[in-house]
Structures are given as C-alpha cells and as structure tokens.
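The following note sets out some points on the structure for a reader who is new to the subject. Each point may be followed on the displayed model.

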Amino acid sequence: MVRIETLLKIATYVCALAGFGAVLGLVHPAYLAGFVLLCILAGLRDFGTVGFPFPPRWFLNIASVLALVPSVYRVDRDNLVEPVLEGLLLLLGIKLLEDKKYRDYMQVCLISIFLLLGSTLISLHSAFALYFFILILFSTVSLILLAFFSRSPNLAVTREIGCKISLQGLLICVLAVPVSVVLFLVFPRADFPLFSFLNKVGGATSGFSDSVMLGDVSEMQEDSSVVFRAAMQSIPEENLYWRGVELDHFDGKSWKRGIGRSALNREEIESEEGTVQTIYLEPHGYGSRYLFALDRPVAIQGDRVGFWKRLDGFWPEHVNERIRYMAVSDPAGFAPASQVDLDEYVMLPSGFSPRIVELVRNTIGEAGDPVNSIMGYLRSGGFSYSLAGLPVSNSPLDDFIFEYRRGNCEYFASALAVMLRAAGVPARLIGGYRGGYYNPAGGYYLVLQKNAHVWVEAYREGGWVRLDPTPISIQNPGVAYRNSLLLNLRLLLDTFDYYWGKFVISYNVSKQVALWRKVRSAVEKPITDLHDTGLWLKAVAVCAGGVLCVFAVVAGVGQLRLSREARLLSRFLRRMRGRGYRKGVGEGLREFTGRMTDPELKAGALEFVHEFEVIFYRDRKFTAADTKRLKSVIRRL
Amino acid sequence: MGTRNLLTLDVRICFPEDVFAGTEVPAEVKVSNRGKWMPAFLITVNVRGRECLFPYIAPKSSVSGTIMVSFEKRGRARVLGALISSGFPFDFFKRFRRVRKEQDLIVYPKPLRCEQRLFNDGMTGSRGEKELNKPGYESGILSIRDYVPGDPLKYINWKSTAKTGRLKTKELSGAERRQVIIDLDTIERNDLERTLSCVTHAALNLMRSGIPVGLRVEGKALKPGLSAAHRRSILTRLALYGQN
C-alpha cells in the first residue's frame, strides 16, 4: 500500500524541480544554491529518515517576506524579470519546507508554473519544451492526487491503483493536446522573448561586434552561444565565411564603419544564382544590427527584413529577436565592383606608425606584389594565434607586429589591412563568422559566437578579393571546438533546438494570418473540381486508413482482453465458419465436429477438439507452446 | 471526464434484517462500475446524510463499503436511493448523480429496558413449567437466524456464517419452556412510543433467553414462538402499531 500523500509529494517535488530547471542559467547562482539547499532539507524531511520538526509557519512566512525584499529592491526598468524569478525560486524552496496542506501543494505547483512562464520572458530555449511537458504532466497528476488528498488525507491505495490514478494525469494531458494545437495555431503569440531587451549581456567575449577595438583587453573569453543556423547544402570548408559588416575607417586603434556611408549604396547585380541559405538568426545581446549570410551575399529576403538585393554586404537590421530570412550568395572569393571611391580605402591616420610604413616598404621590396608580400610576411614572420596576452597599449598594432607577434584575428586582419593601405592597396576589414559545424541530421550549419572572425578584403583588378591572414590554429576557439568530443553531442541536441525554433518559435503572427487566409479561401472556394482525382484519392485513402486503424485497434484490444483459450476457440470457430460449419448455441464441440461430412476436415477438427479438451477439462493452463501447437492445427484445417 | 466518471455506476444498499429506530446500523453499500474500459475515481456515496468514499472502482467490477445509518422513528421507512458524487479529476467542481432505487424497510421500535411491569406470569400459556432453572440453549436447533448484538458468541453457527458471509446464530430449543404472551392492548400506555420500546426490549430479551413470546395487538394474537420469522413478525407488528 502507498499513501496518496506520498505520491502527491513526489509529484509536487518533480514540479518544483522542473520549475527550478526552467530558470537554471537565468538567475543568479546564489539563488539557485539557496533553492537547492532548501529543497534538500525539505526532501530529507519529507522522504528521508531525518525527523526534524517542521519549522513553524509564522517563521517561514517571515522568511518568505525577507527573501522577497532583495528581489523587490533590485527590480527596476532594466532588470525586471530576473529579480522576480529569483524571489519566486526562494519562495518555492520555503514552500517545500512547510508542513504542507492542500493550499501549499497548490502553491508549489503554481509557483513552478510561474517560474516556467517567467523564464519564457527572457529566453526561448528549446529546453522549455522539456520542462513544459514535465510540469504540465506532473502538475496535472498533483492536482488529481490533491483531490484525493483533500477528501481523505490519510488515504492509502495499492501501488497498482496509485499508478492508475497517476496515469489519469497523462490521459488528461493527451486529451488536452487537440485544444492546445488549436490554441497554438490561432492564439496571438510572440516569437521572441518579450523582456529580452532588459537583459543585456556585457563583458569582453569572443564574438561578433560592429567595430574592432585593439589594445583594450588582454584576454578574450570564449562564448559558445548560437548566433545563427544556416539551412543549406554542405560546402567546402574554405568557403565558409559568413559576412556581417564592413569596417573601413581606421583611427589608429579601432576599425569602424565609415561615417556617412549610406546603407542603401546599392550596386546592381547581374545574377542571383549561387548558394541558397535559410538563416535562422538568434537574438543575441550584443546590440548588433546586422544580418549574416555566406560571403558574398547577393540577395536577402525575409518576413521581417524585407528584400535586399545588394553587393556591399551591409544589411542593417536590429537583431533583438529571432528572425528567419533567405540569402543567396556567391561563395567565390572575388567580387567585381565598380564606382568605388578607392581613396577612402587607403586612408590611414596622419603620422601613423612610421615603423609599420617602413616595414611595408622593406617587405614589398622594389618589384614585389604588395598583397602576396605582406600576406607572406604575416604567415612566415613568426606570428601566432592567441586569445591571451594581447597587447594593451596606445599603439597596439606596433606592439603586435614588432613585439608580441601573437594575437587574434582582429590583430592579423588589422595588420594586413593597415599594411596594404600603407602600400597603397585599398583594403577594408570584414566582420562576421568563419566556419561552422554542419549538422547532417538537420541539414544546416551551426554557427557559434566563438566562430566570430575578421578578415580583409583588398581591391584588386576591378573587384574585392578576400584575404584571411589569420593562421588556422588549434588556439582558435572555433577550430578547437571542431575537434571537441562534445561537438557531436551538441549537434545532436541542437537538432531538436533547430526544429523547435523552425516549427514552434518561428510560427508567428504572420504565419497565423497566412493559415487563416488559407482556411478562409478553402471555405469560400471549396475544392469542387472532381477531376483532381489525386487529391480526392489521397483524402479518401487517409480517411479509410484512419477508420481501419480504429477498427484494428478496437478489434485487437478486444481480442487481447479474452483469455488465451477463448482466443483459440474463437479462431477455430472462425475457421470452421469459413469452411461452412457454424456451431449452434449450446452445441458441444464434439457434437459440432460430429456433423461434419468432409472426413479430412472432421479428422483435423477432432484433433483440435481433443487437444483443446485435454488441456481445458483437466484445468491445465494453456501455455505458449500449447497455443502454438493448436494454432498450427487450426492452420491445417 | 468528470461526468463520465459517474455515468456507469450502479449503487445497491443492503440494510441488516433488524433495523431499530434511533440505533445506528451498518448498511452495506455496493457500487458497481458497468463501464468496459474506464475505471471510476474518487466516488462518494451518500445515503441518508452519511458518506462512504471509494477511491477506485475498476471497470466491470464492484466494491463494497459500510455506512452507519440510523432511522429516527419506527414504522415504514423509504430509502430513495443514494446520491453519488465525485470531484474527479481536480475537485474544482463536484458532480452529483442520484441513483434512484426506492427501498422500503420496517424500522423496529428502539429497544428500551424498563422497570415497568408489562405482563403477568399468570397470563402466560399453560404449557411447560413456570419454574425454569435452565436456559433453553441445550437441545436441538430450532432455526438459524442472523446474529443480533448481544447473542452469546458460543451460539454462533460458524458453518452457516462461513457459507453466507454473515454472522449467523443458532436458535436452540429449551428443554423446558414457558411462554409469554404480551398483550399490548392491556398495557398502560401513557407514552406509546416508550411502551413499544419497552415491549420490544422485553420480547427480544425473552426470546434470546429461549422463552417463546406471543403478542396480542388490537384483538389479534400471535401465538408464542421462537423462530426468526416469528421474531420478525412480532417486531413488525410493534413497529407498525398505530400506523395502519
């Protein structure tokens, strides 16, 4: 026997843990630790052998109020959701610690649901689905058990009945699915976290930025968050450059986008043939306002972003929500361009580092090709890739080239671009991402912040050519991650994330409107064209298949409910009916076989009847072997 | 789901043979689930204001429980049926269904020990000896009847009890017996109900002691006897006295 209250406690704890899981990573670790501590104490009290008394209710009430004070104090316009979630998490832990009555169980479930819902205000991670299903299932089970508990707090039932009562929760959830699907399809919804703009992320991390600042930080942290997923065919690794922003203005320490450059400085394109990608761009907290596409993009089209058909690779769009767009790219490294003001791309700050200018002059020599010479210098001059020990000074490029000789892609690209400009070759920096991890299960590239990259474009012979001076190094986070054992696991889990975003999160108001229009047009203009037999055939086949499935299930379950001997007998009589003999009501089996005229059939039927009776009338159990043997006798009839 | 939970239920209420007014008696409540597939959950059966909870009733099966019920007045009583209810699944709403199964039963007067002298030995029948030194439990079995609280345990017939599932008591005949006839018409009746209660107690007591008891009511007489049927006849007459 098991007490209903024990089952109720188990279900309630699962709810609380699901609520906790939903805000994992969204609230301060101190609050997470506080909850874990309270939960362990409560668990020991409720399930363990530790018999310490329940704290008095007044004490816990005061503790709840005190727990809320820091959260209330921290709430402000820019930080609204997180403190509330933290306060709720502590309240949940305190609630678990109470000597739980009806209302306490109810409150635990409600707070857990609030935590889950609150988490969606700042994150749309696919783990939500997991916690959602756990929470919905177990809070339903809790409510059912609570109904039993309220009727009789000491009620105990057998384990089997306890399981059956709990299974009703699952049944109710399944019954709720059709309604939920309808609500999902028609209910207005946002496909981005509503309060995400309040939770900006700061700090120096390796990620995309719309400017390159040299000499500010000596060490970069890796960031593994997803930037975008690009659904497309797999292409050679060397072409995986995801273009974001062009940086053409250099002030000696940093690269920025040229002031006054029009975002709509579009150039006509001759062809839109190329590699087609569907990009699912994640909202990320870098304040970025750029769309990414495989270098070089020739057109971009999407619900939110409109249609862009350009060549210069600048797609200004604020990205603070998840968006989806299609891009067409020409992955060749050379992009022809005309009417470019080349003077802008050779500008250097006045009096800029005479040492570098001197170095460039020496490197190129008299008859050398500046691009190849400088690229060769950076590749063979003892430079190495590093994210740590970066130069921090007012002349970071000098320090990089002449002293440190180690740096990340920003230093390599800046050095190349500056040296090219010093040599009179128009050059600019391109910010974006390099590489990505192809997920064959989903057919897309996963691109992380750690893939952030900066490279150079130099203007040669009527067009821009891509130059990447950064050595491919194991030190590079993106390259290192490729060799990581975790990558395959992450890609596997990310497949779910991808489809979750594609089918659930991306199902937005515009798609709802589109669906509504489809339904309306179908109602207004129903399919009356009987010549479209293919459609009709499909519809009929689906309906017939559904009906057959229902019949099969009902018949199958009905058969399974019969005993083994009853099933055998029913099979035998069915066979006999097929041969033209129907057993009368109350007619004995031997009497029945006795009136058969076909001697062969009669002998076979008698064999079955004899074997059947030997087992049945001697009160023996029909074993699997008996059933198999008798079935073979029936088959021979 | 909550409505379906109640739809396939049947309720049967079995009262014990002897129901005395003002005394709680155990009524057996049997709830059957006719449904083929779905069990019934959290069913409360209410009979005359008393409730019995059935947490789970499997499909195509029955469960039994006991409700202590009492009837205030003697005479005919009509039980209209039972009210079944369930808050399943969430107890947010409670659904009710009345199972109408009218059932008539006779409620006997409440037995009451009285000092009042109800009968004269001189009025008793002449058969047998007056002086009865031995109680009438030694000889053959007269009948087997339902157990009545107060019967000596050693006279419980275990074989019949095992067969029927109910406690049964052997009724033995005494070797020597005297008879008592209670003449209700001649008994002083300032308080009729109290008198009937006293008579009931006396009759039960005498019969339990093996003394055949007869009854004369409104000129009609019941011959002295000891059988269970006779006992029921006497109690029924007392229960319905003045109500026809």
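1. Of the 637 residues of chain A, 34% count as buried. The model is a predicted one. Chain A holds 19 helices and 20 strands. Among its contacts with a separation of 6 or more, 76% are made by residues 24 or more positions apart.

2. Helix α2 of chain A runs over residues 29–46 and has 18 residues. From its first C-alpha to its last it reaches 25 Å, close to the 26 Å expected at 1.5 Å a residue. Its buried residues are Tyr31(A), Phe35(A), Leu38(A) and Ala42(A). These cover an arc of only 70° around the axis, which puts them on the same side of α2(A). An α-helix has 3.6 residues a turn, so residues three or four places apart point the same way.

3. What do the buried residues of α2(A) pack against? Their partners are α1 (4–23) and α4 (81–97) of chain A. On the other side of α2(A), the residues Pro29(A), Ala30(A), Ala33(A) and Leu37(A) are exposed.

4. Strand β16 of chain A, residues 427–434, is mostly covered, as eight of its eight residues are buried. One of its partners is strand β5 (residues 241–247) of chain A, with which β16(A) pairs in the antiparallel sense over six bridges. In this pairing Leu247(A) stands opposite Leu429(A). Strand β19 (residues 452–460) of chain A also runs antiparallel to β16(A), and seven bridges join the two. Here Tyr433(A) stands opposite Ala452(A). Strands of a sheet pair through backbone hydrogen bonds, either parallel or antiparallel.

5. In chain B, four strands form an open sheet in the order β4-β3-β6-β7, with antiparallel pairing. Which strands stand at the edges? They are β4 (50–57) and β7 (95–107) of chain B; each has a single partner strand, so one side of each is left without a neighbour in the sheet. On average, neighbouring strands of this sheet are turned by 20° against each other, direction ignored. Strand β3 (residues 40–47) of chain B is joined to β4(B) by seven bridges, and Thr44(B) stands opposite Leu53(B) in β4(B).

6. Ile84(B) lies in strand β6 (residues 75–86) of chain B. Why is Ile84(B) counted as buried? The reason is that it has 24 C-beta neighbours inside 10 Å, where the cut-off for a buried residue is 20 or more. Beyond its neighbours within four places in sequence, Ile84(B) is in contact with several residues, including Leu6(B), Val11(B), Ile43(B), Val45(B) and Val99(B). The C-alpha atoms of Ile84(B) and Arg97(B) are 5.3 Å apart in space, while the two residues are 13 residues apart in sequence.

7. Chain B also has an open sheet of three strands, in the order β1-β2-β5 and with antiparallel pairing. Its edge strands are β1 (9–14) and β5 (61–69) of chain B, each of which pairs on one side only. Neighbouring strands of this sheet are turned by 25° against each other on average, direction ignored. Six bridges join β1(B) to strand β2 (residues 25–33) of chain B. The bridge partner of Cys14(B) in β2(B) is Glu28(B).

8. The last point concerns the two chains together. In the model, 15 residues of chain A are in contact with 12 residues of chain B. On the side of chain A that touches chain B, the elements that give two or more residues are α6 (127–151) and α7 (159–186) of chain A. The largest share, seven residues, comes from α6(A). By type, the residues of this side of chain A divide into 10 nonpolar, three polar and two charged. Helix α7(A) lies across β3 and β4 of chain B, and runs at about 85° to β4(B).

Key: Residues are numbered from 1 along each chain as its sequence is written. Chains are lettered from A and ligands numbered from 1 in the order in which they are written. This is a predicted model: local features need pLDDT of at least 70, side-chain atom pairs count only at pLDDT 80 or more; totals for chains, interfaces and linings use all residues. The expected span of a helix is 1.5 Å times one less than its number of residues. A residue is buried if 20 or more other C-beta atoms lie within 10 Å of its own, exposed if 12 or fewer, and partly exposed in between; C-beta atoms are placed from the backbone. The arc is that of the directions from the helix axis to the C-beta atoms. Two residues are in contact if their C-beta atoms, placed from the backbone, lie within 7 Å. Ala, Val, Leu, Ile, Met, Phe, Trp, Tyr, Cys and Pro count as nonpolar, Asp, Glu, Lys and Arg as charged, and the others, Gly among them, as polar. Two strands pair if DSSP finds at least two bridges between them. Axes are lines fitted to C-alpha atoms, for helices over the stretch in contact, and angles run from 0 to 180 degrees between N-to-C directions.
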